[in-house]
Structure formats: C-alpha cells, structure tokens
Amino acid sequence: MPIPEDVTGEEIDKDVRQELLSLPKGLAEDVSKNLVMVARLIDEDPEGAYAYSKIALRLASRVAAVREAAGFAAYANQKYSEALAEFRAARRMTGSVDLWPVMADCERGLGRPEKALEMAGAAEVHKLDKAGQVEMRLVAAGARRDMDQLDAAIVTLQSPELASNTVQPWTARLRYAYADALLAAGREDEAREWFAKAVESDKDGSTDASDRLAEMDGVEFVDAFVEDDDEDESDTVTDAEADVDVDDDDDDDDEVEFQDDVSVADELDDEDDEVDAVAESKDDVVKEGVIENDAPLKEDDDKN
C-alpha cells in the first residue's frame with residue numbers, strides 16, 4: 001500500500017524505534033512507516049489501519065511492537081479472535097501485563113464475559129498501573145452488563161477513582177460508564193448527575209456525554225447546513241415554478257388574444273349582416289321609428 005510522502009517513520013515512539021533496531025536499516029524504515037500509518041488511521045479508517053498492520057506483520061512478525069499494533073488494528077475492526085492472538089504473542093515476547101485489560105475485553109467480544117471476569121480477578125491486575133486498573137474495572141463492569149447483572153456492574157464501577165475530584169485521563173470514561181449503567185438500571189436522576197460530571201471532565205471529547213445529557217433533557221439539535229440546503233432547494237423549486245407560471249401566463253395571454261380576434265371577426269361579420277339587413281328594409285325600419293337617422297355604422301375604436 002502507498003505511504004504518503006510526509007511519513008518518514010521517525011514519528012513512532014522511541015521505545016518502538018528501539019525495538020526495530022534489531023532489523024536491517026531499510027527494513028526497519030519500511031516497518032516504521034507502516035506502523036505510523038496504523039496509528040494515523042486506526043480511529044478514522046480502521047480498515048486502512050488493519051491493511052497497513054498486515055504489511056508490517058509480514059515484514060517483522062518477531063517484533064513485539066508490530067504484534068501489538070496488529071492486535072489493536074484487528075481489535076478496532078472487531079476481529080476479536082485475531083486481536084487476542086496478537087496480544088498474547090506480544091505479551092509472551094515482552095512479559096508485560098499492560099495488554100491484560102484489552103485481552104479481557106476481547107474475551108467479551110467473543111461472547112465470553114465469564115472469562116473476562118476471571119481475568120479481572122487474576123493476579124496480573126495488581127501489576128497494572130492505575131490507568132490499567134481503571135481500564136480493567138471498566139471491562140469487568142461491561143462483562144457484568146453482558147450477563148444482565150446491572151446492579152453488580154454499578155457496584156464494580158464504584159471506586160475511589162470515581163469519587164475523586166481530580167481529573168485524570170480515565171475520569172471521563174469512568175464517569176460515563178457509571179452514568180450509563182445507572183440509566184440502564186432506571187436510575188435516571190443519578191444518571192443525569194453523572195453524565196453532567198462526565199461532561200465536566202471530558203475536555204477532549206472522548207465520550208458523547210454531552211449528547212446523552214442533552215437527550216435526557218429533551219434537547220434536539222438541528223443541522224444548520226442541512227436546513228440551508230433545504231432552503232436553497234425550496235428557492236430553486238420556486239424559481240422553476242415561477243418560470244412555468246410565466247410561460248402559462250403567456251399562453252393564457254395568447255389564447256385570450258386569439259379569442260378576442262375571433263370575437264371581433266365574428267362581431268364584424270354580424271354587423272355586416274345587420275347592415276345588409278338594414279339596407280334591405282331601410283324604408284320599413286325608418287317608417288317604424290327604429291332608426292332615427294341613416295348615418296353609416298362605425299366600428300368600435302377598441303376593436304381596431
């Protein structure tokens with residue numbers, strides 16, 4: 001697949017670049033460029049990211065960073081079995097537990113929430129940093145909801161991290177998940193409160209908490225651009241109709257004018273007949289007092 005000219009390969013994380021030092025220079029450069037494309041496209045074009053990850057995987061399948069990138073690309077495309085296999089491979093290579101939460105979420109994606117809960121209670125969770133532990137809590141709560149255990153999901157999310165007033169990178173997602181669980185349980189007032197808190201902490205728009213809050217408040221958003229398009233279309237139709245009306249009016253005028261010409265001709269013929277009749281019986285008519293003089297008939301000025 002083509003690599004844009006602005007991609008140099010230097011954009012990748014320094015730890016990943018360090019891993020690629022085990023490869024020949026030219027090969028390392030090719031792999032790094034494909035990894036950059038995976039990172040660039042994974043949110044907006046997951047299928048494209050997946051395609052680049054497969055190229056990197058073909059070039060350097062023994063590099064843990066490549067296996068991890070391939071796992072996330074597969075995960076973004078809901079290829080959970082493939083993603084889980086790649087994450088496991090990366091973990092074997094590094095011995096790190098950082099991928100434990102996303103591996104558990106792959107189990108959820110495969111329809112095995114019980115396995116995800118089992119992983120949530122494993123010793124590996126205690127080796128995670130704070131962000132990883134919060135992520136594991138979110139996965140466990142999701143697994144509870146998969147099993148229709150709403151109350152348990154709510155309890156799972158109740159934690160010091162949720163109650164803290166300090167905003168961390170995970171705060172918005174944790175509050176959002178809690179609000180969503182409350183709403184699913186029918187606790188709307190509490191859900192609204194926590195959606196509002198999620199909005200306060202969601203500085204980068206990682207959730208749609210503001211939309212959910214507006215929906216609960218009965219607020220509807222109108223797309224101004226769509227409305228303008230409708231107005232333009234309405235104006236266009238009106239202009240077209242106006243043209244048709246003008247044409248129709250012209251046709252009507254022609255028809256009226258034609259009818260007037262016919263009427264005038266008919267009237268003139270009738271008057272000629274009358275003149276002949278009058279001429280033939282002029283003496284009789286004059287005698288009866290019907291015509292007071294014998295002045296010639298004049299055509300109506302409007303008919304000329």
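User: In which loop does Asp-148 lie?

Analyst: This is a predicted model, in which local features need pLDDT of at least 70 and side-chain atom pairs count only at pLDDT 80 or more, while totals for chains, interfaces and linings use all residues. Residues are numbered from 1 along each chain as its sequence is written, and side-chain values use heavy atoms, with hydrogens and water left out. Helices (H or I, at least four residues) and strands (E, at least two) are taken as DSSP runs and numbered from the N terminus. On that numbering, Asp-148 belongs to the loop between α8 and α9 (150-157).

User: Does Asp-148 count as buried or exposed?

Analyst: The backbone of Asp-148 has a positive phi of about 60°, although the residue is not a glycine. Most residues other than glycine have a negative phi. As for the surface, a residue is buried under 20% relative accessible area, exposed over 50% and partly exposed in between, using a 1.4 Å probe and protein chains only. Since its relative accessibility is 68%, Asp-148 counts as exposed.

User: What is the relative accessible area of Gln-78?

Analyst: Gln-78 sits in the loop between α4 and α5, and its phi, near 60°, is positive in a residue other than glycine. The residue is classed as exposed because its relative accessible area is 59%.

User: How many helices does the protein chain have?

Analyst: Of the 304 residues of the chain, 31% count as buried. Contact means heavy atoms within 4.5 Å, and among the contacts with a separation of 6 or more, residues 24 or more positions apart account for 51%. The chain has zero strands, and its number of helices is 15.

User: How far does helix α3 reach from its first C-alpha to its last?

Analyst: Helix α3 covers residues 46-59, which is 14 residues. The expected span of a helix is 1.5 Å times one less than its number of residues, and for α3 this gives 20 Å. The computed reach is close to that expectation, at 20 Å.

User: Which helices are among those that cover the buried residues of α3?

Analyst: The buried residues of α3 are Gly-48, Ala-49, Tyr-50, Tyr-52, Ser-53, Ile-55, Ala-56 and Leu-57. What covers them includes α2 (25-41), α4 (64-76) and α5 (80-94).

User: What is the distance of the polar contact between the side chains of Glu-82 and Tyr-50?

Analyst: Glu-82 is placed in helix α5 and is partly exposed, with a relative accessible area of 24%. Leaving aside neighbours within four places in sequence, Glu-82 is in contact with Tyr-50, Lys-54 and Ala-74. A polar contact is a pair of N or O atoms within 3.5 Å, where, within protein, one must be able to donate a hydrogen and the other to accept it, and residues adjacent in sequence count only if both atoms are side-chain atoms. The side chains of Glu-82 and Tyr-50 make such a contact at 2.8 Å.

User: Which backbone oxygen does the side chain of Ser-32 reach?

Analyst: Ser-32 is placed in helix α2 and counts as buried because its relative accessible area is 5%. Not counting residues up to four places away in sequence, Ser-32 touches Gly-9, Ile-12 and Leu-20. At 2.7 Å, its side chain reaches the backbone oxygen of Glu-29.

User: Which helix gives the most residues to the lining of the largest pocket?

Analyst: On a 1 Å grid over the protein atoms alone, a pocket is an open set of points where a 1.4 Å probe fits, with protein on both sides within 12 Å along at least five of seven lines, and lining residues have an atom within 4 Å of a point. The largest pocket holds about 950 Å³, a volume being the space filled by probe spheres set on the points, which are joined across faces, edges and corners. Of its 30 lining residues, the closest to the centre are Tyr-75, Asp-105, Glu-135, Leu-138 and Arg-173. The helix that gives the most to this lining, with eight residues, is α8.
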